[in-house]
Every structure is written in structure tokens, then in C-alpha cells.
Amino acid sequence: MKKSLNMLSALLLISFLSFGQQVPADSVFSKFYKATGGKALWDGVKTLNLKRSYTAASAAPYDANVTVSIPDQSISKSKTIMKRSFVYTVKGNEGWIKVPIGQRTDVKDLSQAEQQNMRWEMYELLAPFVDYKNRGLIATTVGIETLNSIPVTQVELQGKGVKYNLYFDSKTGLLQRVRKNLAGVETTTDLSNYSKSAYGISYPTKLVEINSLDKKPVTIVSSATINGQVSPELFRR
């Protein structure tokens, strides 16, 4: 009995010490920045253009071009499906969608929920925790666990109406998984195949995404251009 109590006390002590020595969330983020090119490069990001292809077992594949301008707080996303391009845009406090109808284009306002989702996406395309404090988010280290047999450090990032659980490879510092909860929908994205952009920042070129509504994995292949020229026409209604 005494031996069992001593063992239990030792386990509790180890657990307490491990919790007390938990790595701060900012240190986890710093390790990621260092592993992907350095904080100075990340601080210099002004624009991002992503070319993406989406494939799923139960749906037709499609392509998308996404352009972000951080200084203008703008994002434009063009989805091409069956040779028809649907363009979603948020600029400042406005948001709209352009829908091709025959030889003309119809423009409709996006709902406030759709606009807010795209504002979160603006940073998710880089990393969800970029400039997180100024965006009203709080980061907390949850602890170390195992993901696909690899030790990862989990950080919770929470803001008004949204929560991210971020899983970083404890050895390399690279972000391996993002679990996002927004409006009652949970989306899990696994990130892999990190590649260095011409700008110098490394980013995941392959993502596998699944949400709690469709429950069907979608594979996304990306190529990025950072701080390239951005046409003002993209953000004109």
C-alpha cells in the first residue's frame, strides 16, 4: 500500500513539474518562425498569392487563386469550377461575390458570417497565429502529445467566435495540424511537404482537410508567391 502511494506521489510530482515547465506559446511560435525562414522575413510579408488545386473522392476537382493584401486587409478568392469562375472578395468592412451568369456577372453581398470567415482565412493562409495579439486572440500552450507517432506541442489559440488547436512538431518546430472551430463546424487540416518560396519563407505545399459537416477529406496542393505584385482590380467591386 505504502509503495503504491509513493509511486502515485512520484507520478503526480512529475506531472506537476512537466506542467510548470511548459513552453510558452510565444516560444513555440518563435521556433516555427525560425524553422521557416526567420521572424524578420515573416514581419516583411505584405502580400500573398496562392494557386491551389482541390481534389476529393466524391466531388469534381477545382482550382482556386487566392490573393491577400495585409496592409489593405483585403482577400480575393477565385474558384474555377467547370470553366466558370466565382470570385469572393473582402476589402475592409465590405464583402461580395461575383457570379457568372451567361455573358454577364452578377454581384451580391456576402453575409457578415461569410465575410468574417474570409477575414480569418486571410491569416490562416499564412499562419493562424500571425500578429495574433493585435487581432484579439489569446494563445495558451496545452502540452505535448503524439500525432502520427511524432511528439507534437499543442497550442490553443482562441478569439471571439473562433478557436484553433495548433500542433507543432516538437523537434522541427513545423506546424503539422490545425483544428479550427468556427460557427459550430470543426475543420481539421494536416499540413505537409514544406517548400521554400522564392521570398525565403517555407510553407506547406500539401494540405488534407476534413470538416465535421461533409466528413470527406479534400486534398489541396498549393504554390505560393509572397510579396509579388497585386493588381488593384482584384479588390474592386
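This is a predicted model: local features need pLDDT of at least 70, side-chain atom pairs count only at pLDDT 80 or more; totals for chains, interfaces and linings use all residues.
**Exercise 1.** Classify the ring pair F29 and F129: stacked or edge-to-face?

*Solution.* 
- Start with the geometry: the ring centres of F29 and F129 sit 4.3 Å apart, with the planes at 0 degrees.
- Planes under 30 degrees apart count as stacked, so this pair is stacked.
- Now place the residues. F29 belongs to helix α2 and F129 to the loop between α4 (112-124) and β7, so the pair links parts 100 residues apart in sequence.
- For comparison, take F32 and Y33: centres 6.0 Å apart and planes at 65 degrees, so that pair is edge-to-face.
- Zooming out, F29, F32, Y33, W42, F129, Y132 and F168 make up one aromatic cluster.

**Exercise 2.** Which residues touch the most other members of the largest nonpolar core?

*Solution.* 
- That core has 43 residues, and the answer is F29, F129, L166 and F168.
- Next, ask who supplies it: helix α2 (residues 25-35) gives the most, with 5 residues.
- Then check burial. Buried means under 20% relative accessible area; F29 comes in at 3% and F129 at 1%.
- Finally, look around F168: beyond four places in sequence, its contacts include F29, F32, F129, P151 and L174.

**Exercise 3.** Where do S149 and A183 sit, and are they buried or exposed?

*Solution.* 
- Most residues other than glycine have a negative phi.
- S149 has a positive phi of about 70 degrees, and A183 one of about 55 degrees.
- S149 is in the loop between β7 (138-147) and β8 (150-159); A183 is in the one between β10 (175-182) and β11 (185-196).
- S149 is exposed at 71% relative accessible area, and A183 is exposed at 72%.

Conventions:
Residues are numbered from 1 along each chain as its sequence is written. Side-chain values use heavy atoms; hydrogens and water are left out. A nonpolar core is a set of buried Ala, Val, Leu, Ile, Met, Phe, Trp, Tyr and Cys residues joined through side-chain atoms within 4.5 Å. Buried means under 20% relative accessible area, exposed over 50%, partly exposed in between (1.4 Å probe, protein chains only). Helices (H or I, at least four residues) and strands (E, at least two) are DSSP runs, numbered from the N terminus. Contact means heavy atoms within 4.5 Å. Rings of Phe, Tyr and Trp (its six-membered ring) pair if their centres lie within 6.5 Å; planes under 30 degrees apart count as stacked, over 60 as edge-to-face and the rest as tilted.
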